[in-house]
Amino acid sequence: MASTKATSKTYTLNTGAKIPAIGLGTWQSKPHEVEKAVEIALRKGYRHIDTALAYGNEEEVGRGIKNSGVPREEIWLTTKLDNPWHKRVQEGIDSSLKSLGTDYVDLYLIHWPSSTDPSDLKKHHPDWDYIKTWQEMQKLPATGKVRNIGVSNFGITHLEKLLNDPSCKIVPAVNQIEIHPNNPSPKLVEYNTSKGIHSTGYSCLGSTNSPLYSNETLLALAKAKGKTPQQVLLAWGIQKGWSVIPKSVNKERIETNFELDGWNLTEEELKKLDSMPERFKVCGDAWLPIKVFFGDDE
């Protein structure tokens, strides 16, 4: 297997746009840390930054982009529509653009298939669902404010309902989902691919107190390769065919995570990671057995 150039690799979406294989995730990054993390990442060579209205850090992301000196047109910028904004898609993107300090985003996602009532966050709108939200999302590319639209945290059942609805004229370009060896989601990834939907993996390094970093298979493989466990996890995802958005605010880790060129995992090494039997999914700062969530959808 030839060595990879992961840092310059892109995946072509169903729109023809090219999304970078690796980007910087900003979920759970603490306030006043994101701005510097984005600047560090872009100066290192990252060209994809992922954020969301719900993260509360879009302004910091925008400042980090500006501080980096990297031209806006060289950066792939992703953000997401928050659940309580499902009835206000145009307002949602305008809010994000203002916070980010940009005229457009490269990718705008429905963050969750959950149309939450903003007056009571424990309830859903009785007269609205993500199908209607997608109808509004489909209007955005024509405005120039959004270049590609997609979804996040959609399972197979959600996607089938959406794609089979007569109002669905644009197939989502991306489905951003949690993917790592403890939650490989093979059925969902295969379904995405079969419909021309690119998969982006978040929590690709695990999260707080991740059981991944006590996994002997991963640790042994990383040691044998002379790489960090994080680098191995990122290489696994990119070689499996999806983009990855590792989160960090630590300069050394941000830079090390990007050092993926000139080496590859072998087919045997990929299979070792594929065969890890443990199944967990991130839930805030905790990890729960995967059956608690989507069952066979994953």
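User: Before we start, what counts as a pocket and as a lining residue here?

Analyst: Happy to set that out for this predicted model. A pocket is an open set of grid points with protein on both sides within 12 Å along at least five of seven lines.

User: Thanks! Which residues lie nearest the centre of the second largest pocket?

Analyst: That pocket has a volume of about 180 Å³. Its lining is made up of 13 residues. Those that lie nearest the centre are Thr193, Gly196, Ile197, His198 and Ser199.

User: Which elements give two or more residues to the lining of the second largest pocket?

Analyst: Good one to follow on with. By residue class, the lining holds 5 nonpolar, 7 polar and 1 charged. The elements that supply two or more of the lining residues are helix H6 (186–194) and strand E11 (198–202).

User: Is Lys80 buried or exposed?

Analyst: Lys80 sits in strand E5, residues 76–81. Buried means under 20% relative accessible area. Lys80 has 0% relative accessibility, so this lysine counts as buried.

User: Which side chain does a polar contact of 2.8 Å join to that of Lys80?

Analyst: Setting aside neighbours within four places in sequence, Lys80 is in contact with several residues, including Thr51, Tyr55, Tyr108, His111 and Gln176. Asp50 belongs to that list too. The side chain joined to that of Lys80 by the 2.8 Å polar contact is the one of Asp50.

User: And Lys66, is that residue buried or exposed?

Analyst: Look for Lys66 in helix H2, residues 58–68. Exposed means over 50% relative accessible area. Lys66 has 72% relative accessibility, so Lys66 counts as exposed.

User: How far apart in space are Lys66 and Gly101, C-alpha to C-alpha?

Analyst: In sequence, 35 residues separate Lys66 and Gly101. In space, their C-alpha to C-alpha distance is 8.8 Å.

User: Why do the buried residues of H7 line one face of the helix?

Analyst: In H7, residues 216–225, the buried residues are Leu218, Leu221 and Ala222. Seen down the helix axis they share one face, because they fall within an arc of 100 degrees. An α-helix has 3.6 residues a turn, so residues three or four places apart point the same way.

User: Which helices are included in what covers the buried residues of H7?

Analyst: The face turned away from the buried side of H7 carries exposed Glu216, Lys223 and Ala224. On the buried residues of H7, the cover includes helix H8 (229–240) and helix H10 (267–274).

Technical notes:
Residues numbered from 1 in each chain as written. Predicted model: local features only at pLDDT ≥ 70, side-chain atom pairs only at ≥ 80, totals over all residues. Heavy atoms only, no water. Helix = DSSP H or I, 4+ residues; strand = E, 2+ residues; numbered from the N terminus. Buried < 20%, exposed > 50% of the residue type's maximum accessible area, 1.4 Å probe, protein only. 1 Å grid on protein atoms, 1.4 Å probe; cavity = no way out; pocket = protein on both sides within 12 Å on 5 of 7 lines; lining within 4 Å. Points joined across faces, edges and corners; volume = space filled by probe spheres on them. Nonpolar A, V, L, I, M, F, W, Y, C, P; charged D, E, K, R; others polar. Arc of directions from axis to C-beta. Contact = heavy atoms within 4.5 Å. Polar contact = N/O pair within 3.5 Å; in protein donor to acceptor, adjacent residues only side chain to side chain.
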